[in-house]
Amino acid sequence: MPSHAETFPPVALPPRLELRGITKRFPGCLANDHVDLVLQPGEIHALLGENGAGKSTLVKMIYGVLHPDSGTMLWQGAETTVPDPAGARRLGIGMVFQHFSLFDTLTVTENIALGLDNAGPMDQLAGRIREVSERYGLALDPGRHVFHLSVGERQRVEIVRCLLQDPKLLIMDEPTSVLTPQEAAKLFETLRVLAAEGCTILYISHKLEEIRALCSRATVLRAGKVVGATDPRQETARSLAEMMMGAELSTPERPPQGAAGAARLTVRHLSTTSDNPFATNLKDVNFEVRAGEILGIAGVAGNGQAELMAALSGEALLADTGAVVIEGRSAGHLGPRARRALGLAFVPEERLGRGAVPELSLSENALLSGYARKPLVRGGMVHFARARAYAETIIRGFNVVAHGHRAEARSLSGGNLQKFIIGREILQKPKLLVVGQPTWGVDAGAAAAIHKALIDLARSGAAVLVISQDLDELFVLSDRISVLFHGRLSDSRPTHETTVERIGLLMGGLFGTPPDEDGEITRAV
Amino acid sequence: MNDLALIGPILAAMFAAATPLLFAALGELVVEKSGVLNLGVEGMMLVGAVCGFAVTVQTGSAVTGFLAAAFAGAATSSLFAVLTLFLLANQVATGLALTLFGVGLSALIGQGFVGIPLEGLPKLYVPGLTDLPVVGQALFGQDIMVYLAVAAVPLVHLFLYRTRAGLVLRAVGENHTAAHALGYKVLRIRFLAVLFGGAMAGLGGAFLSMDYTPMWAENMTSGRGWIALALVVFATWKPVRAMLGAWLFGGVTILQLHVQGLGIDVPSQLLSMLPYLATVLVLVLISRDVARIRLNAPACLGKLFHPDA
């Protein structure tokens with residue numbers, strides 16, 4: 001039992017929030033094991049850890065969504081319990097969720113009213129929203145429906161909702177994973193203003209450079225335990241990552257590209273129209289991916305990535321058969337299986353439901369896309385021994401942590417399932433691989449392994465297309481980068497000739513107006 | 001001349017025929033807005049119809065009868081609510097089972113009440129107004145339940161779109177995970193919505209047995225519960241449109257009766273089909289407008305919710 005007997009000098013302010021020995025157990029796993037955490041007024045405090053380290057569980061307990069099995073919580077020096085989120089809001093705790101808790105078909109004002117306990121009449125609330133959003137530079141139109149808003153604007157809704165309650169503690173869960181670097185820079189300004197006003201910010205992110213730029217203290221969780229506390233400004237991104245992993249981080253290196261080969265995938269004048277009011281139509285998209293190279297497509301979510309992915313995989317058939325050409329064959333009219341037969345493999349963004357069937361075992365999931373090019377089916381009958389062997393090969397080759405080939409896909413963590421799916425596609429030796437968000441929500445170790453596998457595949461002669469919102473990832477992987485904005489695709493630039501700032505501007509829609517070379521735009525980190 | 005004189009009664013009958021549909025559809029609309037799909041409307045209407053009828057026969061009080069019908073409808077729906085909300089049974093299957101259950105239960109309760117006549121509710125009479133040609137009887141000569149059903153339309157609309165409770169209910173139907181994360185009691189809100197839907201279906205059924213027909217016969221709702229379900233989609237989850245839909249369906253029902261009465265040489269079975277055919281047609285037309293459906297349909301409709309998952 002660690003000693004908590006020290007008393008604070010009477011003049012000093014008590015910590016805004018102090019957690020002592022917080023423990024939370026779920027069936028089969030100890031999510032938080034005697035976690036201690038101290039948050040001072042006005043500090044921006046980072047909470048670090050890999051997936052499954054227990055960060056979400058911990059903040060959910062602070063916000064009252066979950067309840068600790070044992071341990072105490074002190075709010076401004078007084079012991080307290082948080083029965084539910086409304087109780088947390090009454091204390092002055094606000095939270096901006098990673099997956100926004102917004103309602104698409106309601107207006108901004110209605111969404112904000114739902115998160116307030118004393119919302120008052122709607123027209124007055126709209127006025128208060130305008131006031132707060134102007135004061136903190138978070139432009140918002142209260143009358144708009146949320147489905148019209150960009151991801152950045154949606155986040156502003158969440159933040160304004162919290163700010164209207166004058167929070168003393170603001171919890172931000174992976175706030176910048178969906179923002180352009182410029183949007184992120186604006187968010188940091190807002191957060192610094194808030195902290196200067198005395199608000200404590202608990203900041204969860206896996207972008208370590210950001211944490212080094214923004215936070216003055218960091219607490220690191222691993223497997224439910226606090227394994228360290230540090231000043232991130234004194235650390236490097238690498239040392240922070242290794243603290244989280246408890247092991248050495250190996251970053252993949254991208255060997256120089258050889259001469260580009262023949263075009264494996266050519267997209268010409270690809271346009272789509274959709275009945276779905278939430279969809280983004282593609283407008284005259286043109287690009288090609290050559291053998292041996294990785295093309296990265298950047299862009300903020302909702303700018304046509306899902307539609308492009310569907311058009312390439314064959315999930316959405318195209319009227320113009322020549323819009324998608326795979327290995328010299330027009331494929332716009334072909335479905336996914338026919339396109340796979342031409343040499344295409346793809347890894348969709350949505351792992352559970354598109355990439356894998358959640359309830360099926362790994363060997364069955366291996367079979368689902370693997371049977372086309374591996375001898376797993378004979379005369380219509382499944383060759384289970386081979387399917388099992390194939391699954392085992394993937395599990396071993398890509399270091400998938402799972403309870404063997406019988407494990408259900410949904411029982412794997414995001415990173416392990418993604419390694420499995422990417423392994424399943426790569427082992428089929430595709431001529432062309434299309435990947436959406438390869439490392440979304442995947443921790444640093446698994447991300448490095450996935451990046452290495454993609455680079456190795458390209459260097460062995462395949463063409464690889466990566467669609468991602470993570471610019472750091474695209475700069476590690478890609479030979480060339482294009483940007484998707486409002487359904488239009490920019491021309492590609494060789495990665496070594498461009499910068500994060502320039503791509504960031506394109507992600508904000510500034511096609512054809514290059515910024516100054518020395519860049520008046522401040523970097524996000 | 002003769003034709004013009006017919007229009008008044010046809011209009012009046014149309015509003016009456018629309019009333020049970022309107023009650024049931026408004027109830028189901030609120031249920032679906034909270035994200036629950038209860039296909040048991042037909043069953044709940046039947047239970048309401050027989051209970052309302054039986055209680056009125058026993059007590060002689062129509063008010064008690066309607067209260068009993070609402071209570072019986074709500075009680076039937078609570079069965080659905082417990083099964084789907086707390087025991088996580090599939091909503092479609094449970095709703096279908098509830099309809100079958102309601103058919104059987106109402107027949108059992110109603111055994112001793114077949115063939116007993118009942119008087120029905122008194123009709124409004126406002127001197128001068130009710131005597132107006134064509135619209136007089138339709139607008140000023142109905143009974144209280146017809147007016148109540150119409151009055152419920154703006155009330156439900158105001159509740160859904162102007163009150164905080166209505167906003168929370170729509171939020172729960174739109175995204176139950178987010179609503180839960182904000183601290184709203186998803187299951188409790190849905191439970192109350194399902195009870196309201198049951199009570200409204202019960203009232204709709206009782207209107208049939210106590211007023212419209214008025215008598216008890218097995219399976220007397222003859223598919224109106226299903227029409228009410230279709231009306232909710234037809235209305236794209238908007239109360240005023242549900243009322244228009246109920247009137248349209250009521251109008252076609254009455255019209256085909258009169259066409260049969262006029263002795264026009266069309267097989268009567270074909271005419272009886274008309275209201276249902278009209279429903280199918282309108283649904284097909286509505287479904288073509290995907291955007292409108294997507295914007296108004298509760299996104300969590302029919303999805304199970306578990307607070308700890």
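Visitor: What makes residues of chain A and chain B count as being in contact, and how many residues does each chain give?
Guide: Two residues are in contact if their C-beta atoms, placed from the backbone, lie within 7 Å. The contact takes 20 residues from chain A and 16 from chain B. On the chain A side, helix 3 (108–114) is one of the elements giving two or more residues, and helix 3 of chain A gives the most, with 3 residues. Helices here are DSSP runs of H or I, at least four residues, and strands are runs of E, at least two, numbered from the N terminus.

Please note that this is a predicted model, where local features need pLDDT of at least 70 and side-chain atom pairs count only at pLDDT 80 or more, while totals for chains, interfaces and linings use all residues. Residues are numbered from 1 along each chain as its sequence is written, with chains lettered from A and ligands numbered from 1 in the order in which they are written.

Visitor: How do you know that strand 4 and strand 5 of chain A pair?
Guide: Pairing requires at least two bridges found by DSSP. Strand 4 (residues 70–75) and strand 5 of chain A have 3 bridges, in the antiparallel sense, so they count as paired. One bridge joins W75(A) to A78(A).

Visitor: Why are strand 2 and strand 5 of chain A at the edges?
Guide: The open sheet of chain A runs in the order 2-1-4-5. Strand 2 (29–39) and strand 5 (78–80) each have a single partner strand, so one side of each lacks a neighbour in the sheet.
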